[in-house]
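I opened my notebook today to look around a protein chain. Come along and keep the picture beside you while you read.

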Amino acid sequence: RRSSDLKNFMYLEKKMQILISEVNVTSFGITREILKKMDFNFSKMGSEEAKFLIFPELPRGGELSLTARQSYDSQLRYSMLPRVEDIMKKIVNQLREHLKILDIELSDLSYLSEGDQFILKELSSHVKINIKITPIKKIRYVYEDIFLNQSAEELHELGLKYLSAGDLWASKKIFTYLVNKYDNRRDVFKLATTYNMLLETEKAEYYYNLYKHDGKVDHIVAANYMLAMLYARHHPKYLQDDQKAIVLLNEAYDLIKDKVTLESIFNRNGYALLLFKMGKVEETIILLKRCLNQIKQLDNSSSSVVLHESVLWFNLYQCYVTIGDNSNSRKTFYILKNMDPLFIEYYLEYSRNLLETDVENFLEFIESMPHHSNNFAEKYSLLGYYFRGTAKSLEYFSKAFELSNRTFSFWYDITYELTEFNLYNEAYNNLPLLNNKLYELNDEDLLNYILISAEIFYNLDRLDEFKRTIEIGYRIFPDSESIKEIIENAE
């Protein structure tokens with residue numbers, strides 16, 4: 001290929017034009033077109049979940065974890081919004097290697113749905129995106145076709161597939177429509193679950209309560225479990241109430257305790273979570289072991305039963321880690337590994353424990369993890385901690401932040417490490433990377449952001465910015481000993 005031809009070839013690879021002439025229920029209409037045009041290879045990402053998120057109609061095949069293999073009509077684990085955002089970020093990380101300019105033509109900005117908005121926003125840091133609004137007379141409203149031409153049963157199945165894949169916004173549209181039109185209790189429950197996954201937990205609570213309002217035992221049992229989990233961990237802190245969670249679980253358990261079922265076992269698993277939160281770890285272990293003995297009485301040829309069992313083992317693993325029982329935590333991890341060898345989160349949890357309790361074996365273990373772990377920011381964060389104080393730590397912490405959805409913890413790791421190396425100019429350049437995320441920070445993270453910003457300003461002799469930052473910090477956190485100490489030293 002001549003050099004001029006090669007130049008044109010490279011240009012074509014880097015520039016793409018997308019014309020949106022179809023409006024669908026999916027939240028990834030534009031993303032689908034981009035990926036289809038470039039014949040995107042999901043296998044290079046090692047993330048089948050990403051493929052299902054964008055193309056939920058495709059059959060699930062290949063090497064999948066128990067979680068990814070779940071049947072959409074009897075699913076235990078769904079992807080909450082942060083996990084969906086992590087999956088979208090993985091797609092962006094691959095796209096930016098192939099694109100430099102993206103031209104999009106559509107007839108109305110409202111066609112930019114939530115999933116596409118997130119991906120384009122993340123992509124815009126690396127790719128020039130031009131959006132042209134042109135009225136298109138022949139736009140095809142597949143969205144309307146779906147709602148007008150499919151039966152309630154077909155729409156319910158479609159909603160389940162989108163919820164299973166992680167397209168939570170499409171799931172919300174479908175189940176909202178079904179609830180408003182048909183008022184079927186199963187759609188009410190799935191709408192509640194969709195809101196729960198979207199972290200809109202107060203709406204989820206409303207619909208879970210609506211679901212059990214008819215007084216049917218199975219509805220009360222399912223709704224009470226989910227409501228208890230809202231009060232135990234999913235609700236914002238100010239709405240959490242462990243005692244309410246316990247009452248809800250016990251009310252449901254009294255209705256089903258005479259028979260061993262997945263529902264009765266997982267009701268007690270929920271109660272175990274509350275015991276664990278209260279610091280009653282030994283009691284939690286006893287209860288989880290009882291649940292594991294009970295689940296062995298069920299049909300273990302069912303993938304749903306096996307997945308439920310893996311959740312119980314993982315909860316038991318966390319108990320052993322908490323009490324420092326390294327022998328049993330190791331045994332429990334390897335049971336999990338054998339049950340679900342492709343679920344990377346288990347490896348990351350065990351790596352974290354090794355880093356704290358058996359650092360000599362940490363590196364060998366983390367390097368033996370399945371290949372698709374290379375797309376997880378947490379892996380590089382752990383490697384950064386392992387190599388802390390060396391140049392490699394900067395490399396790994398930078399990689400972790402790059403792979404993450406600009407999450408504060410990963411940003412703090414690399415910025416803190418730069419200050420440890422006295423690389424304050426580089427640390428200063430990191431400050432704007434978090435500007436559009438500041439409003440999302442909890443108090444602890446916001447205080448840490450203020451403290452490290454003040455340190456950077458002080459060491460760069462940017463004293464006006466240092467003074468202003470400390471004043472802001474004192475106004476927000478007047479009781480912070482760290483802020484008071486800085487003020488005293490500055491005086």
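Before counting, I wrote down one cut-off: a residue is called buried when its relative accessible area is under 20%. With that in hand, I found that buried residues make up 49% of the 491 residues in the protein chain. I also noted that this is a predicted model.

**Entry: overall build.** I looked up the secondary structure and found 25 helices and five strands. Next I checked the extent: along its principal axes, the C-alpha trace spans about 70 × 65 × 50 Å.

**Entry: contacts and surface.** I took the contacts with a separation of 6 or more, and residues 24 or more positions apart account for 62% of them. The chain exposes about 25100 Å², with carbon and sulfur atoms supplying 49% of that area. I then turned to the charges: the mean positions of the 60 positive and 72 negative ones are 5 Å apart.

**Entry: the cores.** Which residues touch the most other members of the largest nonpolar core? In this core of 109 residues, they are Ile174, Tyr208, Leu312, Leu383 and Trp411. Helix α15, residues 303-322, gives the most to this core, with eleven residues. I also followed Trp411: leaving aside neighbours within four places in sequence, its contacts include Phe401, Asn430, Tyr449 and Ile452. A second, separate core has 36 residues, among them Phe28, Ile91, Phe118 and Ile119.

Methods: Residues numbered from 1 in each chain as written. Predicted model: local features only at pLDDT ≥ 70, side-chain atom pairs only at ≥ 80, totals over all residues. Heavy atoms only, no water. Helix = DSSP H or I, 4+ residues; strand = E, 2+ residues; numbered from the N terminus. Buried < 20%, exposed > 50% of the residue type's maximum accessible area, 1.4 Å probe, protein only. Contact = heavy atoms within 4.5 Å. Areas by Shrake-Rupley, 256 points an atom, 1.4 Å probe, with all protein chains shown as cover. Lys, Arg positive; Asp, Glu negative; His and termini not counted. Charge placed at Lys NZ, Arg CZ, Asp CG, Glu CD. Core = buried A, V, L, I, M, F, W, Y, C linked by side-chain atoms within 4.5 Å.
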